[in-house]
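The text should be read alongside the sequence and the model displayed below.

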Amino acid sequence: MSTVSQTPARAPMTFGLRFGLSMVAVTAVLGLAMGLFTPVMQMAARTRPHLPDMALFNALSPVIQVHLLTALAALVLGGVLMVVRKGRTFHRVAGWVWVSLVMVTAGATVFITELNHGGWSWLHLFTGWVLLITPLAVLWAKRHDVRRHRRTMMGLFYGAFAINLAFAFIPGRTLWMMFFG
């Protein structure tokens, strides 16, 4: 009788973990290639975390204030929605609130043009994408196309919020200065 060793099957990586790891790898390669990490790391080494600098927040334009507040609220609520049971009343109500926050956040970016001398930048392509795909994700939920709805909403959450938050906290940017500068 021969014994065949069986190794236990490993659970596949979740979409979020796989996506997060790939974004870390892309950021590392781009950062190294562009030589960006040295000044960023020097600035990061001098940081001291603190409560939000409300004077800096109050100095921002109202549209940027709305953008930051709705984006942070959508990030928190989106994180909750990722872990709660789907299809229940809470998921539906919180989902509508999240969609509203996302649409206001994306809509506000249409008016944020200070970084590009009064014009739109390539980042505004994400605005168009979010304003287009979010209503489609809601439509797919209404049509009970759960697979498309789930994939789209997860992509919006991880792509539009989690990754953009990482870029928003690059040393020297507004959120970095509010909490670490």
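How many residues line the largest pocket, and which of them lie nearest its centre? In this predicted model, the lining of the largest pocket is made up of 42 residues, and those nearest the centre are H67, T109, L123, N164 and R173.

The volume of the largest pocket is about 1400 Å³. At least two lining residues come from each of helix 4, helix 5 (89-109), helix 6 (124-142), helix 7 (146-168) and helix 8 (174-179). Helix 7 is the main contributor, giving 12 residues to this lining.

The second largest pocket has a volume of about 800 Å³. Its lining consists of 24 residues, with G87, H91, A141, H149 and M153 nearest the centre. Here helix 4, helix 5, helix 6 and helix 7 each provide at least two residues. Helix 7 again gives the most, with 7 residues.

**Aromatic residues**

The structure contains 4 aromatic pairs. One of them joins F157 and Y158, whose ring centres are 5.3 Å apart; because their planes meet at 70°, the pair is edge-to-face. F157 has a relative accessibility of 8% and therefore counts as buried.

Another pair, between W176 and F180, is tilted, with 4.8 Å from centre to centre and 35° between the planes. W176 is buried, its relative accessible area being 10%, whereas F180, at 25%, is partly exposed. W176 and F180 also belong to one aromatic cluster together with F169 and F179.

**A residue of helix 4**

Is Q65 buried or exposed? Its relative accessibility is 17%, so Q65 counts as buried, since the cut-off for this class is under 20%. Q65 is located in helix 4, which covers residues 62-83. Apart from neighbours within four places in sequence, the residues in contact with Q65 are F57, N58 and L60.

Note on methods. Residues are numbered from 1 along each chain as its sequence is written. This is a predicted model: local features need pLDDT of at least 70, side-chain atom pairs count only at pLDDT 80 or more; totals for chains, interfaces and linings use all residues. Side-chain values use heavy atoms; hydrogens and water are left out. Helices (H or I, at least four residues) and strands (E, at least two) are DSSP runs, numbered from the N terminus. Buried means under 20% relative accessible area, exposed over 50%, partly exposed in between (1.4 Å probe, protein chains only). Contact means heavy atoms within 4.5 Å. Rings of Phe, Tyr and Trp (its six-membered ring) pair if their centres lie within 6.5 Å; planes under 30 degrees apart count as stacked, over 60 as edge-to-face and the rest as tilted. On a 1 Å grid over the protein atoms alone, a cavity is a set of points where a 1.4 Å probe fits but cannot get out, and a pocket is an open set with protein on both sides within 12 Å along at least five of seven lines; lining residues have an atom within 4 Å of a point. Grid points are joined across faces, edges and corners, and a volume is the space filled by probe spheres set on the points.
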